[in-house]
Amino acid sequence: MKYTSSEANKLLRRLNEERDAVLVKEQKSSTFLAAMGEDPESVRPKYDYTVVQNMVAELDQKIRTVKHAINQFNLTQIVPGFDMTVDQMLIYIPQLTARKNKLSGMKNRLPKQRETSERYGHISSVIDYVYTNYDIDAAEADYYMAADELAKAQAALDTLNNTVLMEIDV
């Protein structure tokens, strides 16, 4: 069947949730308590070891198949406008985010800023100044370039993830 990357990731999430639900039910029903004098058969939960193990194995196989298809897609699909694979974009976007965040602080600094010193729990009477050792305007320009590049990268990846199809036999 054909899926977009977005759909495949939703499928993967659903399969993992199904597997988790089966394991929770198994944990709750594979053992049980009966009080002294109580008939264990009257409180025995329904549980079939073989059926549950087969369900988990089948879900594990489907999860592996979907994850493999997503990984192959991410390693081979080129994101238009970036000359990078999805895999590389998944590294590039956090790098751009970190750069944008750093530059945000740098662009908002003053050329000279008074710093209050605190030593041993007391405010010092010595006045210190922090001087900016870079061009604030250049940092601001770089910030906007990084923000624009990040928005463009996210939009390109979102478009690709919601339009390009991959084949997954689940």
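Is Arg99 buried, exposed or partly exposed? At 36% relative accessibility, Arg99 counts as partly exposed; the cut-offs are under 20% relative accessible area for buried and over 50% for exposed, with partly exposed in between (1.4 Å probe, protein chains only). Notes on the rest follow.

1. Ground rules. This is a predicted model, where local features need pLDDT of at least 70, side-chain atom pairs count only at pLDDT 80 or more, and totals for chains, interfaces and linings use all residues. Residues are numbered from 1 along each chain as its sequence is written, and side-chain values use heavy atoms, with hydrogens and water left out.

2. Fold inventory. The protein chain has 5 helices and 8 strands; helices (H or I, at least four residues) and strands (E, at least two) are DSSP runs, numbered from the N terminus. Along the sequence the order is β-α-α-α-β-β-α-β-β-β-β-α-β.

3. Overall shape. The radius of gyration of the protein chain is 28 Å, while a compact globule of 170 residues would have one near 15 Å. That radius is taken over C-alpha atoms, and the globule rule is 2.2 Å times the number of residues to the power 0.38. Along its principal axes, the C-alpha trace spans about 80 × 55 × 15 Å. For a sense of the reach, look at Gln61 and Glu115: they are 54 residues apart along the chain, and their C-alpha atoms are separated by 60 Å. Gln61 sits in helix α3 and is partly exposed, with a relative accessible area of 39%.

4. Of the 170 residues, 27% count as buried. The accessible surface comes to about 12000 Å², and carbon and sulfur atoms own 53% of that; areas come from the Shrake-Rupley method with a 1.4 Å probe, and for residues only the protein chains shown count as cover. On the charge side there are 21 positive and 25 negative side chains, with the centres of the two sets 3 Å apart. Lys and Arg count as positive and Asp and Glu as negative, leaving out His and the chain ends; each charge is placed at NZ of Lys, CZ of Arg, CG of Asp or CD of Glu.

5. Contact order, roughly. Among contacts between residues at least 6 apart in sequence, 68% join residues at least 24 apart. Contact here means heavy atoms within 4.5 Å.

6. Helix α5. This one runs over residues 136–163. At 1.5 Å a residue its 28 residues should span 40 Å, and the end C-alpha atoms are 40 Å apart, which agrees; the expected span is 1.5 Å times one less than the number of residues. Its buried residues include Ile136, Tyr143, Leu150, Leu157 and Leu160. They pack against β1 (2–4), α1 (5–29), α3 (49–76), β2 (78–79) and α4 (86–107).

7. Asn161. Leaving aside neighbours within four places in sequence, Asn161 is in contact with Thr4, Ser5, Ser6 and Phe73.

8. Helix α3. The 28 residues of α3 should also span 40 Å at 1.5 Å a residue, and here the end C-alpha atoms are 41 Å apart, which agrees. Among its buried residues are Val52, Leu59, Ile63, Ile70, Phe73 and Asn74, and the buried set packs against α1, β3, α4, α5 and β8.

9. Back to Arg99. Arg99 is in helix α4 and touches Asp142 and Ala146, not counting residues up to four places away in sequence.

10. Met166 and the chain ends. Met166 belongs to strand β8 (residues 165–167) and is buried, with a relative accessible area of 7%. Beyond neighbours within four places in sequence, its contacts include Met1, Lys2, Tyr3, Ala69 and Phe73. Met166 and Glu7 are 159 residues apart in sequence and 9.9 Å apart in space, C-alpha to C-alpha.

11. Two last spots. Ser29, in helix α1, is buried at 14% relative accessible area and touches Pro45, Lys46 and Tyr47, not counting residues up to four places away. Asp83 lies in the loop between β2 and β3 (84–85) and is exposed, with a relative accessible area of 69%. Its phi is near 50°, a positive value in a residue other than glycine.
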